[in-house]
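Trainee: I have a model open and would like to learn how to read it with you. Could we go from the whole chain down to single residues?

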Amino acid sequence: MPLPWDTLPEACYFAQTPTQPIVVVGAGLAGCWVARTLAESGVAVQVVDKHSDAALGASGNPAGIVKPYVTRSPSLAMAFHAEAHRFLLQQLTRWQLAEAADFHPCGVLQLVHRAYPESAHYQCLDAQAASQRAGTRVGSHALEFSNGGWLNPHKLCLALLQHPLITPCFGDEVCSLAHIAEHDDDPRWQLTLRSNRTITASQVVLACGEACHLFEHQQHLPIVPARGQISRFALLPGSAPPASVINGKRYVIPDTHSVLVGATFERHGTHTQITDSDHALNLAGLRQLLPRLQVDTQAVEGYAGIRATTPDRLPVVGPMPDFTSAMELYADLHHGRTQERYPALPVKAGLYVLGGLGSRGIVTAPLSAHLLTGLLL
């Protein structure tokens, strides 16, 4: 039985397709998947982002891994990621996004220090078999995800927004978000943009990554920024790229005559400057994963983004809690009173969140958007 603070509201605001566009703040993977999923359901969407185009924040990487997160024993996190991975592959085919997203189904090898138990989600390989599959020597056991690979998140976001019911509003930042109805249960919101233009909406989805804390309604969410940098290294003449994506403490993505290596992790880091020190860390990680792969030690290029992370590395999806009311309702929890006496979680009517995707947003965003759309409609 769900705990009161985990119980979603039963009220449905729409008995039919809404006549007013739903506003989505943020045009990264989270916002673009929400917008496209709503549009495919026949709902008009307005996407607002401060950048000049989609996916110019943390979702702007030139490549990212397509594979589920797995654990040694069954867990809720593993079950969610396995379903999210299956759903992503389904949507890439259903909405004909694979080519536009530059999806390479070359498989993924996750290197592990000791063997994992058998599972339907992967195939266990010893070091010799893993080396044969990779086309270069690896020094440990591996899990093979044959239906994995990599894609271009930036291109995917651009493709997701190509729908007649989606209206992008780029280059204009949301400065404030205010509930303008007289009653708390009346979902009417006003967004004020930096250009002084205002947008009124009955439903707003905040999908703005680490910037969520700029809105007072989200400041209590357990989302922490974390900077990450990836590096591109050119292959030396005569050196072939690995046959699949290699994933360990770092990852190596083969891209024709170069490899993309990442990613560094700097908790609370918020700058996006490319640093030589992070290039050096990625190069060291590459040499540890694939010691025989020959590359030019001078990085060709790099990309840095700010991820929105959570303590359990699972996304935050659903109605925005009314934290002020929740703190009052649950103030005496420490007295040990039974759960049954507490009401369901109070929420901000018409305000929703999809965030905290961390470094796994390529896989988790589509299913999260699907779940949120189901709640919205």
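Mentor: Happy to. Let us begin with burial: buried residues make up 51% of the 377 residues in the chain. Keep in mind that this is a predicted model.

Trainee: How many helices and strands does the chain have?

Mentor: The chain holds seven helices and 20 strands. The radius of gyration is 22 Å, close to the 21 Å that the globule rule gives for 377 residues, so the chain is as compact as a globular protein of that length.

Trainee: What does the C-alpha trace span along its principal axes?

Mentor: About 70 × 50 × 40 Å. For the surface, the accessible area of the chain is about 17,800 Å², and carbon and sulfur atoms account for 51% of that.

Trainee: And what share of the contacts between residues at least 6 apart in sequence join residues at least 24 apart?

Mentor: That share is 75% in this chain.

Trainee: Now a sheet, please. In what order do the strands of the open three-stranded sheet run?

Mentor: To read a sheet, follow the pairing from strand to strand. Here the order is E9-E10-E11, with antiparallel pairing. Strands E9 (174-179) and E11 (198-201) are the edges, each pairing on one side only. From one strand to the next, the twist averages 20°.

Trainee: How many bridges link E9 and E10?

Mentor: Five bridges, in the antiparallel sense, join E9 to strand E10 (residues 189-193). For a landmark, look at Ala 178, which stands opposite Gln 190 in E10.

Trainee: I would like to check the backbone next. Which peptide bond is cis?

Mentor: Omega is the angle to look at. The bond from Gly 262 to Ala 263 is cis, with omega near -15°. Ala 263 sits in the loop between strand E16 (258-262) and strand E17 (266-267).

Trainee: Could we finish with the surroundings of a residue? Where does Val 353 lie, and what does it touch?

Mentor: Val 353 lies in strand E20 (residues 347-355). With a relative accessible area of 2%, Val 353 is buried. Leaving aside residues up to four places away in sequence, Val 353 touches several residues, including Leu 206, Gln 218, Leu 221, Val 316 and Leu 372.

Trainee: Which side chain makes a polar contact with that of Ser 231?

Mentor: The side chain of Asn 282 does, at 2.8 Å. Ser 231 is in strand E13 (residues 224-234) and is buried, with a relative accessible area of 1%. Beyond residues up to four places away in sequence, Ser 231 touches a set of residues, among them Val 259, Leu 260, Asp 278, His 279 and Glu 301.

How values were computed. Residues numbered from 1 in each chain as written. Predicted model: local features only at pLDDT ≥ 70, side-chain atom pairs only at ≥ 80, totals over all residues. Heavy atoms only, no water. Pairing = 2+ DSSP bridges. Helix = DSSP H or I, 4+ residues; strand = E, 2+ residues; numbered from the N terminus. Axes fitted to C-alpha atoms, helices over the stretch in contact; angles between N-to-C directions. Rg over C-alpha atoms; globule rule 2.2 N^0.38 Å. Buried < 20%, exposed > 50% of the residue type's maximum accessible area, 1.4 Å probe, protein only. Contact = heavy atoms within 4.5 Å. Areas by Shrake-Rupley, 256 points an atom, 1.4 Å probe, with all protein chains shown as cover. Polar contact = N/O pair within 3.5 Å; in protein donor to acceptor, adjacent residues only side chain to side chain.
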